[in-house]
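Have the 3D view open as you read.

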Amino acid sequence: ATGSYAIKGSIPWRERPQSLAVPQNIGLIALAIDGKPVAQTQRDGDELTLGRAAAAAPQADHIDVRVFRLLADGVPALLTTQIRLAVSGQAREQTLGPVLPEGFTALSIAGDWPARLDADGMLHVQVRPGTNTVTVAARAIEPLDKLVARLPASNWVDQEIWSYQSNPFLRVTAIEGAIQVDPAQASVPEEWRNLPAFALDNEGTLSIEQRSRGL
């Protein structure tokens, strides 16, 4: 009937989950865990982070990151970045990046875990124990003749693997300047393994030489 109501209840869990589904149209939430109020709740969409269960054995928070990039020559050039995450510990928000090299702007982001890119190019992911891949699509701001890898100082790989897809209908190019690796041994995504692949350290450079214009 018409009026205001307070609805209360309890859910008897054997073990507290690491997140709870709460509809987005519930705007204000007061959260207490083990009797202690949580000042800043972490929400992403319908997911409210509760953290590690009280009965769970402590496990160190750890994240292993692998980065694969595909540069497809074009107007503009397109860059697809796959960030593979292997996570242990509690569910949490993990910040990575900046994830894009200079000269690129993001077009889209995809993955099974909630993620977003902020204005500074930092990737915020609601991680949980397990593995997942976040894919970021981007485009070049201007024509490319050189690429320089800028690897973040923390929570990142020591070496990125770049694949290159030429476009001979546009122009005939050659790419050089980094160590070429075997795509299969480097665990490059299956759909990119027919393309040349290169290992780039921090400040590693790839030069794109235009040999002729296409038709």
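Start with β6 and β7, which pair in the antiparallel sense over 11 bridges. Strands here are DSSP runs of E, at least two residues long, numbered from the N terminus, and two of them pair if DSSP finds at least two bridges between them. Before going further, keep in mind that this is a predicted model, where local features need pLDDT of at least 70 and side-chain atom pairs count only at pLDDT 80 or more, while totals for chains, interfaces and linings use all residues. Residues are numbered from 1 along each chain as its sequence is written, and side-chain values use heavy atoms, with hydrogens and water left out.

Back to the two strands: a hairpin of five residues links β6 to β7.

Why is β6 largely enclosed by the rest of the structure? Because eight of the 11 residues in this strand (residues 62-72) are buried, meaning under 20% relative accessible area with a 1.4 Å probe, protein chains only.

Now hop over to β7 (residues 78-88) and find Q82. Q82 is buried too, with a relative accessible area of 14%. And what does Q82 touch, leaving aside its neighbours within four places in sequence? Its contacts (heavy atoms within 4.5 Å) are R66, V67, F68, T133, V134, T135, P189, E191 and W192.

A pocket is an open set of points on a 1 Å grid over the protein atoms alone, where a 1.4 Å probe fits, with protein on both sides within 12 Å along at least five of seven lines; lining residues have an atom within 4 Å of a point. The largest pocket has 15 lining residues, with I11, W13, L20, L31 and L50 nearest its centre. Strand β2 (residues 31-33) gives the largest share of that lining, three residues. By type, the lining of the largest pocket splits into 11 nonpolar, two polar and two charged residues, with Ala, Val, Leu, Ile, Met, Phe, Trp, Tyr, Cys and Pro counted as nonpolar, Asp, Glu, Lys and Arg as charged, and the others, Gly among them, as polar.

Technical notes:
Helix = DSSP H or I, 4+ residues; strand = E, 2+ residues; numbered from the N terminus. Buried < 20%, exposed > 50% of the residue type's maximum accessible area, 1.4 Å probe, protein only.
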